[in-house]
Amino acid sequence: MRMVCVGLNYGLYPGDFFPKKAGRNYQLSKLLEPLEAMKSDMTVFSHLDHPGIKGGHEAVHTFLSGIMADGSKAMPERNITMDQKAAEFAGTQTRYGSMQLGIGGGGLSWTRNGVEIPPVTQLQTMFDALFLETSESKRKRLSESYDLNSSILDVVHEDAAALKKRISRNDLDKLDEYFTSIREVENRLLQSESWLHAPKPKVDFELPEPRPENFYEEVPVFYELMRLALQTDSTRVISCGIDGWSGDSGLPGVTQGYHFLTHHGHDETRLKQLSIIETFHTKEFARFLENLKATQVSGDASLLDKTMVLMGSGMGNASSHSNRDLPLVLAGGGFRHGEHKDYPKKGNRQTPACNLYVSMLQRFGLEIDQFGTSTGTLEGLG
């Protein structure tokens, strides 16, 4: 099983995203119309979010964790994101335990010790990581570097073990966080070294020339590289954060910045341009799903059958800086799809988005019943 999480850091205009009717016979909303061909392969969710989370743009990073970074110290796994939980489970089976991408600069992923993972933001960097063979001289340098770093970590472990006997309880907690960081470094070193001499896959794909220079041109190429990364089993976990741009997006009809347009105040001129941007996002997402479905991996199974793909945001309504009622769509992964599922409040209780994440992680193979702020699995998702 594979997992892809696409996060739109400015959300989607609620009036154009959420369908009016729940169930299987729902009508696609304006922003979901480009996904018409994938309707039976996806589920749309309403009224899921992260209870208690607020702060507008400052809280968008909770999208895949449900937990604010600055309030996560008391949590068992801090604010680890769902993709990194899956990556830990996948281990060293692939060259990259996970890939973090940022189109326009935005990342989505956080480790179990509360560290944000910087995303790859350049197409060339991603292409080279996937398909460009490492020269023998560089392999030799990397091998020596791994040996040196491993030796350094051994010394650090010895010093830390000695220090542990002489410090207070509060300092012990800090030391445990430090050990967690060390273990993460060790795991990455182990994975890198084990794949150092394995040849990279060959694909019939080249980056376009000249290189894409704006957002409008970059997005579809990033999606294609994501598909190839999954098809070649270079990784089984990908997160892709999509952030803003100024007025030079390249999108016909858009003359103002993305962020500016999200604060539309229901102005029709701004909403029209915002709709162009958001429809572009759902069209490219639809194309990505269609390409996954057209890619066969084993027997009658398509790559989409073997990949759960989540698109959404930690922002519910950017115009009012609300983090309530997140826009969420899940496709593929062998789930029973074809519905708009609505989860309104029952009394004072709201269904956490993390319930969906528990269901996804279980489908990925983890034997867990809790993640983030979940209260169980997501009711009704088969």
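Colleague: Why are phenylalanine 127 and phenylalanine 131 separated by about one helical turn?

Modeller: They are four residues apart in helix 3 (residues 123–131), which places about one helical turn between them. Helices here are DSSP runs of H or I with at least four residues, strands are E runs of at least two, and both are numbered from the N terminus. An α-helix has 3.6 residues a turn, so residues three or four places apart point the same way.

Colleague: What should I know about the source of these values?

Modeller: This is a predicted model, in which local features need pLDDT of at least 70 and side-chain atom pairs count only at pLDDT 80 or more, while totals for chains, interfaces and linings use all residues. Residues are numbered from 1 along each chain as its sequence is written, and side-chain values use heavy atoms, with hydrogens and water left out.

Colleague: How many aromatic pairs does the whole structure have?

Modeller: The search finds seven. Rings of Phe, Tyr and Trp (its six-membered ring) pair if their centres lie within 6.5 Å; planes under 30 degrees apart are stacked, over 60 edge-to-face, and the rest tilted. One of the pairs joins phenylalanine 127 and phenylalanine 131, edge-to-face, at 5.4 Å centre to centre and 65° between the planes.

Colleague: Are those two buried or exposed?

Modeller: Phenylalanine 127 and phenylalanine 131 are both buried. The term means under 20% relative accessible area, with exposed over 50% and partly exposed in between (1.4 Å probe, protein chains only).

Colleague: What about tyrosine 216 and phenylalanine 280?

Modeller: They form a tilted aromatic pair, 5.6 Å centre to centre with 50° between the planes. The pair links distant parts of the chain, as tyrosine 216 is in helix 6 (residues 215–231) and phenylalanine 280 in helix 8 (residues 268–294), 64 residues apart. Tyrosine 216 is partly exposed at a relative accessible area of 35%, whereas phenylalanine 280 is buried at 6%.

Colleague: Which residues make up an aromatic cluster?

Modeller: Phe127, Phe131 and Phe205 form one.

Colleague: Back to helix 3, then. Which of its residues are buried?

Modeller: They are Leu123, Met126, Phe127, Leu130 and Phe131. Viewed down the axis of helix 3, they fall within an arc of 100°, so they line one face of the helix. The arc is that of the directions from the helix axis to the C-beta atoms.

Colleague: What do the buried residues pack against?

Modeller: Those of helix 3 pack against strand 3 (99–103) and helix 6.

Colleague: New topic: where does a charge sit over a ring?

Modeller: The charged end of lysine 39 sits over the ring of tyrosine 26, 4.5 Å from its centre. The criterion is NZ of Lys or CZ of Arg within 6 Å of the ring centre and within 35 degrees of the ring normal.

Colleague: Where is glutamine 350?

Modeller: Glutamine 350 is in the loop between strand 9 (340–342) and helix 9 (353–364), and at 15% relative accessibility it counts as buried.

Colleague: What does glutamine 350 touch?

Modeller: Leaving aside neighbours within four places in sequence, glutamine 350 is in contact (heavy atoms within 4.5 Å) with His47, Asp49, Pro51, Asp325 and Lys345. Its side chain and that of aspartate 49 are joined by a polar contact of 2.8 Å.

Colleague: What counts as a polar contact?

Modeller: It is a pair of N or O atoms within 3.5 Å; within protein, one must be able to donate a hydrogen and the other to accept it, and residues adjacent in sequence count only if both atoms are side-chain atoms.

Colleague: And asparagine 355: buried or exposed?

Modeller: Asparagine 355, in helix 9, counts as buried at 4% relative accessibility. Not counting residues up to four places away in sequence, asparagine 355 touches Ser374, Thr375, Gly376, Thr377 and Leu378.

Colleague: What is the backbone phi of histidine 266?

Modeller: Histidine 266 has a positive phi of about 65°, although it is not a glycine. Histidine 266 lies in the loop between helix 7 (258–262) and helix 8 and counts as exposed at 55% relative accessibility.

Colleague: Finally, how many helices and strands are there?

Modeller: The protein has nine helices and nine strands, and buried residues make up 51% of its 382 residues.
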